[in-house]
Amino acid sequence: EKAGGTGLNASTGYDVTTYFYQLPSNKLELWAYLESERFKNPVMREFYTERDVVIEERRMRTDSSPIGRLLEEFLGMAYLGHPYGRPLVGYRSDLDNFTRAEAMELYAEYYVPSNIVIGLAGDVDPEEARELAEKYFGDWEPGPDPPVVRTVEPTQRGQRRIAMRDPGQPFLLMGWHKPAGDHPDAPTLDVLTMMLANGRSSRLHTRLVKDEKKAVAVGAITQIPGELYPGLVLTYVVPGKGVGALETEAAVLEEIQDIIDNGVDADELAGVKTRMKADFVRQMRSNFGMVSGLVGEELFWDDWSCALGYPFEIDAVTSEDIQ
């Protein structure tokens, strides 16, 4: 912070843990020095303080949140064997009993060079960055590759449903299994979810929020729980006052069936693609958005340039693909 650093933070997902912040470009060597020390020789002197922070985050996002409680139950029901079905930060009992020694063991196992991608975006010279990387990270011991997830989620043989009695806002959550993020259908699923429930011109927003006034919000997501392994396509509806969650379920299924039966109109598809490409450009306009996209593709699929081809993948999606 004394050197002008801002936005210091970290995030954890099912597939990746990310550390990020911004520094003035003339502090590049300071960045390399600090990061090499932080990741080669961690001390973790604030382990128990930070463990309490994570416990509080779990309390806020899951234990005290009706939607958080539902999502935890939902993922546990959707996955019987794969780790995607477990809570992201673990259960409260896991956190209460997690020790600094165990954290160091996990760190030694996963925080090895072969498992890390570093990204820089901004007013930096690539050659200077390469020289600094050699200077400050060149002596990093490789270490063995981390263990891989061996469990393959067993085939689901029938519909699973859960109804939670909870003193909170009614909420409908529906999910369908999908392939991992490198599957050829991934861009098509992104287009489908945008068309179905994302944005004020989406089908479910138009029907349930604008016309029928049965919902106050709708949405759809393709990146939950993660992308490295087969995941889920989620659609959610927040019903309006006096409307039960199950009253909106039929509308979701009817809109999906309409796409199956009739495909999508060329103008509707073109509008969705335009919005998605505009969102992509807005993301890439910021250093943080750019580096996040590039690092993610390199980390997951070993090719950062895949991020730059996303608009072309969206453009190639046809009505028949969506059907």
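Colleague: Is Glu 29 buried, partly exposed or exposed in this model?
Modeller: The model is predicted. Buried would need under 20% relative accessible area, and exposed over 50%. Glu 29 has 36% relative accessibility, so Glu 29 counts as partly exposed.

Colleague: Which side chain meets Glu 29 in a salt bridge?
Modeller: The N to O distance is 3.0 Å. The partner lies in helix H6 and Glu 29 in helix H1, so the pair ties together parts that are 106 residues apart in sequence. The partner is Lys 135.

Colleague: Which helix holds both Arg 92 and Asp 96?
Modeller: Their side chains meet in a salt bridge at 2.9 Å, N to O. Being four residues apart, Arg 92 and Asp 96 are separated by about one helical turn. The helix is H4 (residues 92–97).

Colleague: How far away from Glu 153 is the nearest side chain of opposite charge?
Modeller: Glu 153 is buried, yet has no salt bridge. Its side chain does reach the backbone nitrogen of His 82 at 2.9 Å. A polar atom of that side chain also lies 2.7 Å from the backbone nitrogen of Leu 80. A salt bridge needs nitrogen and oxygen within 4 Å, whereas Arg 160 is away by 4.5 Å.

Colleague: Which residue forms a salt bridge with Glu 255?
Modeller: Glu 255 counts as buried, at 13% relative accessibility. The closest N and O atoms of the pair are 3.1 Å apart. The pair links helix H9 (residues 249–262) with helix H8 (residues 203–211). The partner in helix H8 is Arg 207.

Conventions
Residues numbered from 1 in each chain as written. Predicted model: local features only at pLDDT ≥ 70, side-chain atom pairs only at ≥ 80, totals over all residues. Heavy atoms only, no water. Buried < 20%, exposed > 50% of the residue type's maximum accessible area, 1.4 Å probe, protein only. Lys, Arg positive; Asp, Glu negative; His and termini not counted. Polar contact = N/O pair within 3.5 Å; in protein donor to acceptor, adjacent residues only side chain to side chain. Helix = DSSP H or I, 4+ residues; strand = E, 2+ residues; numbered from the N terminus.
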